[in-house]
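Thanks for sending this one over. Here are a few notes to read alongside the model, in the order I would look at things.

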Amino acid sequence: MKWNVIIKEDIQDRYEPNISAGEPRIILSLDPEEKSLAIRNNVYEQILNKAINLPSSQVFDLLNLAISVYTADLKIPRKYGEERWTRNILLHLPVVGLAKWQALLPSLTKMLGFLTGDYWEINFREYEREHFNQLRIKNQVEEVNQVSLFSGGLDSLVGAIDLLEEGKRVALVGHYGAGITNKVQKDLLHKLEESYPNLIEPYLFYVQPPKLDSEGEGEPSMRSRSFLFFSLAVFVASLFPTEIPLCVAENGLISLNVPLTNSRVGSLSTRTTHPYFVSLYQELLSLLQLNITINLPYKFLTKGEMISRTKNINTLKQTVDLSMSCSHPEAGRYQGGNPNSHCGYCVPCLIRRASLAVMRLDDANQYNIDVLSHPPDPTSEKGRDLRAFQMAIGRNRFSSYNGALFDVLGTGRIPSDELRNYVEVYSRGMEEVREFLT
(Lines give C-alpha, C1' and ligand atoms only; values in the text may rest on other atoms or scores of the structure.)
Protein backbone atom coordinates (compact mmCIF):
# COMPACT_ATOMS: atom_id res chain seq x y z
CA MET A 1 0.00 0.00 0.00
CA LYS A 2 1.40 3.38 -1.02
CA TRP A 3 0.55 6.45 1.06
CA ASN A 4 0.35 9.79 -0.74
CA VAL A 5 1.24 12.75 1.47
CA ILE A 6 0.26 15.91 -0.40
CA ILE A 7 1.86 19.11 0.89
CA LYS A 8 0.37 22.43 -0.17
CA GLU A 9 2.33 25.67 0.16
CA ASP A 10 -0.55 28.01 0.94
CA ILE A 11 -4.24 28.61 0.36
CA GLN A 12 -3.58 29.55 -3.30
CA ASP A 13 -1.91 26.18 -3.98
CA ARG A 14 -4.45 24.15 -5.97
CA TYR A 15 -2.21 21.19 -6.75
CA GLU A 16 -4.00 17.85 -7.11
CA PRO A 17 -1.91 14.77 -7.99
CA ASN A 18 -3.19 12.17 -10.40
CA ILE A 19 -3.55 9.19 -8.10
CA SER A 20 -6.02 6.32 -8.08
CA ALA A 21 -9.07 6.47 -5.85
CA GLY A 22 -7.93 3.47 -3.83
CA GLU A 23 -4.59 4.91 -2.71
CA PRO A 24 -4.71 6.47 0.76
CA ARG A 25 -3.78 10.13 0.98
CA ILE A 26 -3.08 12.76 3.60
CA ILE A 27 -3.40 16.43 2.63
CA LEU A 28 -1.41 18.97 4.64
CA SER A 29 -0.53 22.63 4.34
CA LEU A 30 2.55 24.67 5.23
CA ASP A 31 0.33 27.74 5.60
CA PRO A 32 -0.91 28.35 9.18
CA GLU A 33 -4.00 30.09 7.75
CA GLU A 34 -5.42 26.72 6.71
CA LYS A 35 -6.37 25.77 10.23
CA SER A 36 -7.52 22.18 9.73
CA LEU A 37 -4.66 21.16 7.42
CA ALA A 38 -1.77 23.27 8.73
CA ILE A 39 1.40 21.72 10.13
CA ARG A 40 1.58 24.01 13.14
CA ASN A 41 4.90 25.78 13.73
CA ASN A 42 6.48 29.04 14.89
CA VAL A 43 9.36 29.13 12.39
CA TYR A 44 8.58 32.51 10.80
CA GLU A 45 7.86 34.07 14.17
CA GLN A 46 11.29 32.97 15.42
CA ILE A 47 13.38 34.03 12.44
CA LEU A 48 11.78 37.39 11.72
CA ASN A 49 12.72 38.55 15.21
CA LYS A 50 16.16 36.95 15.45
CA ALA A 51 17.95 36.92 12.11
CA ILE A 52 20.72 38.90 10.48
CA ASN A 53 20.28 37.25 7.08
CA LEU A 54 17.17 35.88 5.46
CA PRO A 55 17.85 32.24 4.51
CA SER A 56 17.92 31.25 0.85
CA SER A 57 14.95 29.58 -0.79
CA GLN A 58 16.74 26.21 -0.72
CA VAL A 59 17.16 26.45 3.06
CA PHE A 60 13.42 27.09 3.35
CA ASP A 61 12.84 24.14 1.03
CA LEU A 62 15.06 21.91 3.17
CA LEU A 63 13.16 22.85 6.30
CA ASN A 64 9.77 22.41 4.60
CA LEU A 65 10.92 19.00 3.42
CA ALA A 66 12.01 18.03 6.94
CA ILE A 67 8.74 19.25 8.47
CA SER A 68 6.77 17.30 5.85
CA VAL A 69 8.79 14.10 6.31
CA TYR A 70 8.42 14.35 10.11
CA THR A 71 4.66 14.84 9.79
CA ALA A 72 4.25 11.96 7.37
CA ASP A 73 6.31 9.71 9.65
CA LEU A 74 4.11 10.49 12.65
CA LYS A 75 0.79 10.26 10.86
CA ILE A 76 1.07 7.01 8.89
CA PRO A 77 0.57 3.89 11.04
CA ARG A 78 3.15 1.15 10.54
CA LYS A 79 0.43 -1.48 10.75
CA TYR A 80 -0.23 -0.71 7.07
CA GLY A 81 3.39 -1.37 6.09
CA GLU A 82 5.10 -4.56 4.94
CA GLU A 83 5.22 -6.98 7.87
CA ARG A 84 3.50 -4.20 9.84
CA TRP A 85 6.68 -2.13 9.67
CA THR A 86 8.08 -0.82 6.35
CA ARG A 87 5.79 1.80 4.83
CA ASN A 88 5.69 2.98 1.22
CA ILE A 89 5.41 6.79 1.24
CA LEU A 90 5.09 9.14 -1.73
CA LEU A 91 5.58 12.75 -0.64
CA HIS A 92 4.30 15.50 -2.97
CA LEU A 93 6.21 18.68 -2.14
CA PRO A 94 6.45 22.20 -3.66
CA VAL A 95 9.96 23.67 -3.99
CA VAL A 96 11.77 26.61 -5.54
CA GLY A 97 14.45 25.38 -7.97
CA LEU A 98 12.95 22.12 -9.16
CA ALA A 99 15.96 20.88 -11.16
CA LYS A 100 18.33 21.01 -8.18
CA TRP A 101 15.98 19.05 -5.93
CA GLN A 102 15.29 16.41 -8.57
CA ALA A 103 19.05 15.86 -8.91
CA LEU A 104 19.23 15.24 -5.14
CA LEU A 105 16.56 12.54 -5.10
CA PRO A 106 18.85 9.46 -5.00
CA SER A 107 20.87 10.78 -2.05
CA LEU A 108 17.78 12.05 -0.27
CA THR A 109 15.70 8.89 -0.49
CA LYS A 110 18.69 6.76 0.55
CA MET A 111 19.13 8.91 3.66
CA LEU A 112 15.43 8.81 4.58
CA GLY A 113 15.21 5.08 3.98
CA PHE A 114 18.11 4.42 6.34
CA LEU A 115 16.73 6.78 8.97
CA THR A 116 13.12 5.58 9.12
CA GLY A 117 13.26 2.10 7.59
CA ASP A 118 10.66 2.96 4.93
CA TYR A 119 10.44 3.25 1.14
CA TRP A 120 10.37 6.94 0.25
CA GLU A 121 9.48 8.56 -3.06
CA ILE A 122 9.33 12.32 -3.47
CA ASN A 123 7.45 14.12 -6.21
CA PHE A 124 8.93 17.63 -6.25
CA ARG A 125 7.08 20.34 -8.17
CA GLU A 126 7.94 23.96 -8.90
CA TYR A 127 6.07 26.55 -6.85
CA GLU A 128 7.03 30.21 -6.49
CA ARG A 129 6.42 31.62 -3.02
CA GLU A 130 4.84 35.03 -3.32
CA HIS A 131 5.23 35.82 0.38
CA PHE A 132 8.94 34.92 0.45
CA ASN A 133 10.09 38.25 -1.01
CA GLN A 134 7.85 40.13 1.40
CA LEU A 135 9.55 38.87 4.56
CA ARG A 136 11.31 41.54 6.61
CA ILE A 137 13.72 40.66 9.40
CA LYS A 138 14.21 42.90 12.45
CA ASN A 139 17.91 42.16 13.14
CA GLN A 140 17.26 41.89 16.87
CA VAL A 141 20.13 39.51 17.46
CA GLU A 142 23.90 39.46 17.89
CA GLU A 143 26.05 37.14 15.80
CA VAL A 144 26.83 33.72 17.25
CA ASN A 145 29.97 31.57 17.00
CA GLN A 146 28.30 28.18 17.19
CA VAL A 147 24.95 26.48 16.69
CA SER A 148 24.19 23.52 18.95
CA LEU A 149 21.24 21.17 19.20
CA PHE A 150 19.47 21.59 22.53
CA SER A 151 16.94 18.86 23.20
CA GLY A 152 16.82 19.37 26.95
CA GLY A 153 18.57 16.04 27.50
CA LEU A 154 21.74 15.44 29.48
CA ASP A 155 24.07 15.16 26.47
CA SER A 156 22.89 18.45 24.97
CA LEU A 157 23.29 20.07 28.38
CA VAL A 158 26.92 18.94 28.65
CA GLY A 159 27.54 20.13 25.09
CA ALA A 160 26.08 23.56 25.85
CA ILE A 161 28.11 23.96 29.04
CA ASP A 162 31.35 23.03 27.28
CA LEU A 163 30.78 25.52 24.46
CA LEU A 164 29.77 28.29 26.86
CA GLU A 165 32.81 27.64 29.04
CA GLU A 166 34.95 28.46 26.00
CA GLY A 167 33.32 31.91 25.97
CA LYS A 168 31.53 31.22 22.72
CA ARG A 169 28.24 32.89 21.91
CA VAL A 170 25.97 29.95 21.15
CA ALA A 171 22.63 29.56 19.39
CA LEU A 172 20.86 26.73 21.21
CA VAL A 173 18.27 25.15 18.92
CA GLY A 174 15.43 23.16 20.42
CA HIS A 175 12.39 21.45 18.97
CA TYR A 176 9.19 20.73 20.86
CA GLY A 177 5.67 19.60 20.15
CA ALA A 178 3.03 18.35 22.54
CA GLY A 179 4.17 17.36 26.05
CA ILE A 180 6.65 18.78 28.55
CA THR A 181 9.72 19.24 26.32
CA ASN A 182 9.26 23.01 25.96
CA LYS A 183 9.09 23.48 29.75
CA VAL A 184 12.24 21.38 30.23
CA GLN A 185 14.12 23.40 27.62
CA LYS A 186 12.98 26.75 29.05
CA ASP A 187 13.85 25.79 32.63
CA LEU A 188 17.32 24.66 31.57
CA LEU A 189 17.89 27.78 29.49
CA HIS A 190 16.91 30.03 32.39
CA LYS A 191 19.42 28.31 34.65
CA LEU A 192 22.19 28.40 32.04
CA GLU A 193 21.59 32.08 31.31
CA GLU A 194 22.20 32.82 34.99
CA SER A 195 25.66 31.25 34.70
CA TYR A 196 26.46 32.51 31.19
CA PRO A 197 24.79 35.91 30.68
CA ASN A 198 24.76 37.34 27.15
CA LEU A 199 26.26 34.18 25.62
CA ILE A 200 23.08 32.28 24.74
CA GLU A 201 20.70 32.93 21.85
CA PRO A 202 17.81 30.47 22.16
CA TYR A 203 15.74 29.25 19.22
CA LEU A 204 12.96 26.97 20.44
CA PHE A 205 10.93 25.77 17.47
CA TYR A 206 7.43 24.41 17.77
CA VAL A 207 6.52 21.91 15.05
CA GLN A 208 3.42 19.81 15.61
CA PRO A 209 1.45 17.84 13.00
CA PRO A 210 -2.28 18.61 12.90
CA LYS A 211 -4.91 16.26 14.18
CA LEU A 212 -6.44 14.20 11.40
CA ASP A 213 -9.41 11.87 11.07
CA SER A 214 -7.12 8.93 11.86
CA GLU A 215 -6.02 10.48 15.17
CA GLY A 216 -5.19 7.77 17.68
CA GLU A 217 -3.23 5.73 15.17
CA GLY A 218 0.03 7.05 13.78
CA GLU A 219 3.60 6.06 14.59
CA PRO A 220 5.07 7.01 18.01
CA SER A 221 8.78 6.26 17.49
CA MET A 222 9.58 9.56 15.65
CA ARG A 223 12.51 8.05 13.77
CA SER A 224 12.61 11.06 11.42
CA ARG A 225 12.87 13.64 14.20
CA SER A 226 16.62 14.08 13.84
CA PHE A 227 16.17 15.06 10.17
CA LEU A 228 13.85 17.82 11.37
CA PHE A 229 16.13 18.74 14.29
CA PHE A 230 19.24 18.96 12.09
CA SER A 231 17.36 21.01 9.49
CA LEU A 232 16.11 23.47 12.11
CA ALA A 233 19.72 23.96 13.24
CA VAL A 234 20.90 24.43 9.63
CA PHE A 235 18.12 26.96 9.22
CA VAL A 236 19.41 28.92 12.26
CA ALA A 237 23.03 28.75 11.05
CA SER A 238 21.82 30.28 7.77
CA LEU A 239 20.49 33.35 9.60
CA PHE A 240 24.04 34.66 10.02
CA PRO A 241 26.52 35.91 7.39
CA THR A 242 29.54 33.83 8.44
CA GLU A 243 30.00 30.06 8.24
CA ILE A 244 28.90 28.63 11.58
CA PRO A 245 29.49 24.98 12.55
CA LEU A 246 26.72 22.81 13.95
CA CYS A 247 27.44 20.89 17.17
CA VAL A 248 25.55 17.67 17.85
CA ALA A 249 26.30 16.65 21.44
CA GLU A 250 25.57 12.92 21.55
CA ASN A 251 27.55 10.10 23.13
CA GLY A 252 28.81 7.21 21.03
CA LEU A 253 26.76 4.47 22.68
CA ILE A 254 23.47 6.23 21.93
CA SER A 255 24.58 7.21 18.41
CA LEU A 256 25.28 3.57 17.51
CA ASN A 257 22.20 2.29 19.39
CA VAL A 258 23.22 -1.34 18.90
CA PRO A 259 20.18 -3.65 19.31
CA LEU A 260 20.48 -5.28 22.73
CA THR A 261 18.91 -8.51 21.48
CA ASN A 262 18.24 -9.99 18.04
CA SER A 263 14.55 -9.16 18.34
CA ARG A 264 15.05 -5.49 19.18
CA VAL A 265 14.92 -3.90 15.77
CA GLY A 266 12.62 -1.31 14.26
CA SER A 267 11.35 1.32 16.66
CA LEU A 268 13.59 0.02 19.46
CA SER A 269 16.75 0.64 17.42
CA THR A 270 16.50 4.13 16.00
CA ARG A 271 19.28 5.77 13.96
CA THR A 272 18.84 9.43 14.88
CA THR A 273 22.57 10.27 15.13
CA HIS A 274 24.09 7.15 13.62
CA PRO A 275 27.37 7.99 11.81
CA TYR A 276 25.97 6.81 8.47
CA PHE A 277 22.90 9.04 8.73
CA VAL A 278 25.09 12.01 9.74
CA SER A 279 27.39 11.40 6.75
CA LEU A 280 24.39 11.23 4.39
CA TYR A 281 22.96 14.44 5.83
CA GLN A 282 26.33 16.18 5.50
CA GLU A 283 26.44 15.00 1.88
CA LEU A 284 22.99 16.50 1.31
CA LEU A 285 24.20 19.87 2.66
CA SER A 286 27.19 19.73 0.32
CA LEU A 287 24.98 18.99 -2.69
CA LEU A 288 22.84 21.98 -1.70
CA GLN A 289 26.06 24.03 -1.49
CA LEU A 290 25.40 24.91 2.14
CA ASN A 291 28.76 25.37 3.87
CA ILE A 292 27.75 24.07 7.28
CA THR A 293 29.89 21.46 8.99
CA ILE A 294 28.32 19.01 11.44
CA ASN A 295 30.54 18.23 14.43
CA LEU A 296 29.98 15.38 16.87
CA PRO A 297 32.63 16.14 19.51
CA TYR A 298 31.51 13.33 21.84
CA LYS A 299 31.06 10.53 19.31
CA PHE A 300 33.93 8.50 20.79
CA LEU A 301 32.93 9.10 24.42
CA THR A 302 30.43 7.27 26.59
CA LYS A 303 27.80 9.30 28.43
CA GLY A 304 29.73 8.81 31.68
CA GLU A 305 32.92 10.04 30.04
CA MET A 306 31.10 13.13 28.75
CA ILE A 307 29.98 13.95 32.27
CA SER A 308 33.35 13.28 33.89
CA ARG A 309 35.13 15.51 31.35
CA THR A 310 32.70 18.41 31.35
CA LYS A 311 34.40 21.79 31.60
CA ASN A 312 32.31 22.92 34.56
CA ILE A 313 31.10 20.15 36.84
CA ASN A 314 29.55 22.64 39.27
CA THR A 315 27.25 24.08 36.61
CA LEU A 316 26.33 20.56 35.58
CA LYS A 317 25.47 19.63 39.17
CA GLN A 318 23.20 22.68 39.41
CA THR A 319 21.33 21.87 36.21
CA VAL A 320 21.41 18.09 35.77
CA ASP A 321 18.10 17.48 37.56
CA LEU A 322 16.36 19.90 35.18
CA SER A 323 17.42 17.88 32.12
CA MET A 324 15.20 15.17 30.68
CA SER A 325 16.53 12.01 29.02
CA CYS A 326 13.45 9.78 29.30
CA SER A 327 11.78 8.46 26.16
CA HIS A 328 8.30 8.80 27.71
CA PRO A 329 8.43 11.23 30.68
CA GLU A 330 4.67 11.56 30.94
CA ALA A 331 4.24 7.85 31.68
CA GLY A 332 4.22 8.63 35.40
CA ARG A 333 0.89 10.40 34.99
CA TYR A 334 -0.74 7.02 34.35
CA GLN A 335 1.27 5.08 36.90
CA GLY A 336 0.68 7.05 40.08
CA GLY A 337 4.11 8.73 40.01
CA ASN A 338 5.42 12.16 39.12
CA PRO A 339 3.89 13.01 35.72
CA ASN A 340 6.93 15.01 34.59
CA SER A 341 9.86 12.92 35.75
CA HIS A 342 11.97 10.11 34.33
CA CYS A 343 10.26 6.73 34.13
CA GLY A 344 13.46 4.98 35.23
CA TYR A 345 13.04 1.84 33.12
CA CYS A 346 13.54 2.86 29.47
CA VAL A 347 16.88 2.55 27.66
CA PRO A 348 17.73 6.29 27.89
CA CYS A 349 16.93 6.30 31.63
CA LEU A 350 19.14 3.27 32.28
CA ILE A 351 22.07 4.75 30.33
CA ARG A 352 21.56 8.10 32.06
CA ARG A 353 21.65 6.55 35.53
CA ALA A 354 24.71 4.47 34.65
CA SER A 355 26.53 7.58 33.39
CA LEU A 356 25.67 9.69 36.43
CA ALA A 357 26.79 6.89 38.73
CA VAL A 358 30.30 7.30 37.29
CA MET A 359 30.55 10.68 39.06
CA ARG A 360 28.33 9.66 42.00
CA LEU A 361 25.58 11.98 40.80
CA ASP A 362 22.90 9.31 40.41
CA ASP A 363 19.76 10.02 42.45
CA ALA A 364 17.13 7.28 42.43
CA ASN A 365 14.53 9.78 43.66
CA GLN A 366 14.53 11.43 40.22
CA TYR A 367 12.91 8.32 38.70
CA ASN A 368 9.41 6.90 39.09
CA ILE A 369 10.85 3.38 39.22
CA ASP A 370 14.21 2.48 40.77
CA VAL A 371 15.32 -0.58 38.80
CA LEU A 372 17.95 -1.43 41.43
CA SER A 373 15.68 -1.59 44.47
CA HIS A 374 12.40 -2.43 42.71
CA PRO A 375 13.14 -4.03 39.32
CA PRO A 376 9.98 -4.33 37.18
CA ASP A 377 8.62 -7.69 36.06
CA PRO A 378 10.86 -8.73 33.12
CA THR A 379 7.81 -9.98 31.20
CA SER A 380 6.05 -6.60 31.46
CA GLU A 381 6.44 -3.60 29.18
CA LYS A 382 8.21 -1.74 31.99
CA GLY A 383 10.71 -4.55 32.40
CA ARG A 384 11.58 -5.26 28.77
CA ASP A 385 14.46 -2.75 28.44
CA LEU A 386 16.08 -3.80 31.72
CA ARG A 387 15.74 -7.44 30.70
CA ALA A 388 17.29 -6.68 27.29
CA PHE A 389 20.31 -5.06 28.97
CA GLN A 390 20.62 -8.04 31.33
CA MET A 391 20.57 -10.43 28.37
CA ALA A 392 23.19 -8.38 26.47
CA ILE A 393 25.37 -8.27 29.59
CA GLY A 394 24.92 -12.01 30.06
CA ARG A 395 26.06 -12.72 26.50
CA ASN A 396 29.02 -10.40 27.09
CA ARG A 397 29.81 -10.01 23.39
CA PHE A 398 30.92 -6.41 23.92
CA SER A 399 33.86 -7.41 26.13
CA SER A 400 35.81 -8.81 23.15
CA TYR A 401 36.81 -6.70 20.17
CA ASN A 402 35.49 -9.16 17.58
CA GLY A 403 32.15 -9.57 19.35
CA ALA A 404 31.74 -5.81 19.68
CA LEU A 405 32.87 -5.33 16.07
CA PHE A 406 30.07 -7.47 14.64
CA ASP A 407 27.50 -5.76 16.86
CA VAL A 408 28.61 -2.31 15.69
CA LEU A 409 28.79 -3.28 12.00
CA GLY A 410 25.25 -4.62 12.28
CA THR A 411 23.90 -1.10 12.92
CA GLY A 412 24.91 0.33 9.53
CA ARG A 413 27.95 1.58 7.65
CA ILE A 414 30.80 2.99 9.73
CA PRO A 415 33.74 4.92 8.21
CA SER A 416 36.77 2.59 8.19
CA ASP A 417 39.02 5.17 9.86
CA GLU A 418 36.54 5.51 12.74
CA LEU A 419 35.51 1.88 13.16
CA ARG A 420 37.91 0.96 15.97
CA ASN A 421 36.95 4.05 17.96
CA TYR A 422 33.25 3.24 17.63
CA VAL A 423 33.80 -0.38 18.62
CA GLU A 424 35.74 0.70 21.70
CA VAL A 425 33.21 3.32 22.81
CA TYR A 426 30.44 0.74 22.43
CA SER A 427 32.35 -1.66 24.67
CA ARG A 428 33.05 1.00 27.30
CA GLY A 429 29.45 2.25 27.22
CA MET A 430 28.05 -1.22 27.79
CA GLU A 431 30.57 -1.72 30.58
CA GLU A 432 29.22 1.44 32.25
CA VAL A 433 25.72 -0.01 32.24
CA ARG A 434 27.05 -3.36 33.53
CA GLU A 435 28.81 -1.60 36.42
CA PHE A 436 25.60 0.20 37.33
CA LEU A 437 23.28 -2.81 37.13
CA THR A 438 25.57 -5.30 38.86
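1. Please keep in mind that the model is predicted.

2. Stepping back, these strands belong to an open sheet of four, ordered β2-β1-β4-β5 and paired in parallel. The edges are β2 (25–29) and β5 (119–126), each of which pairs on one side only. From one strand to the next, the twist averages 20°.

3. Now for the helices. Helix α2, residues 57–75, packs on the sheet and touches β1 (2–8), β2, β4 and β5. The direction of α2 makes about 150° with that of β4. Helix α3, residues 98–116, also packs on the sheet, with contacts to β4 and β5. For α3, the angle is about 160°, taken against the direction of β5.

4. How many disulfides does the structure hold? The count is zero. Cys326 is worth a look: its closest cysteine sulfur, in Cys343, lies 3.5 Å away, which is too far for a bond because a disulfide needs the two sulfur atoms within 2.5 Å. Cys326 has 10% relative accessibility, so this residue counts as buried.

5. Is Cys349 buried or exposed? Cys349 is buried, with a relative accessible area of 0%.

Terms used:
Residues numbered from 1 in each chain as written. Predicted model: local features only at pLDDT ≥ 70, side-chain atom pairs only at ≥ 80, totals over all residues. Heavy atoms only, no water. Pairing = 2+ DSSP bridges. Helix = DSSP H or I, 4+ residues; strand = E, 2+ residues; numbered from the N terminus. Axes fitted to C-alpha atoms, helices over the stretch in contact; angles between N-to-C directions. Contact = heavy atoms within 4.5 Å. Buried < 20%, exposed > 50% of the residue type's maximum accessible area, 1.4 Å probe, protein only.
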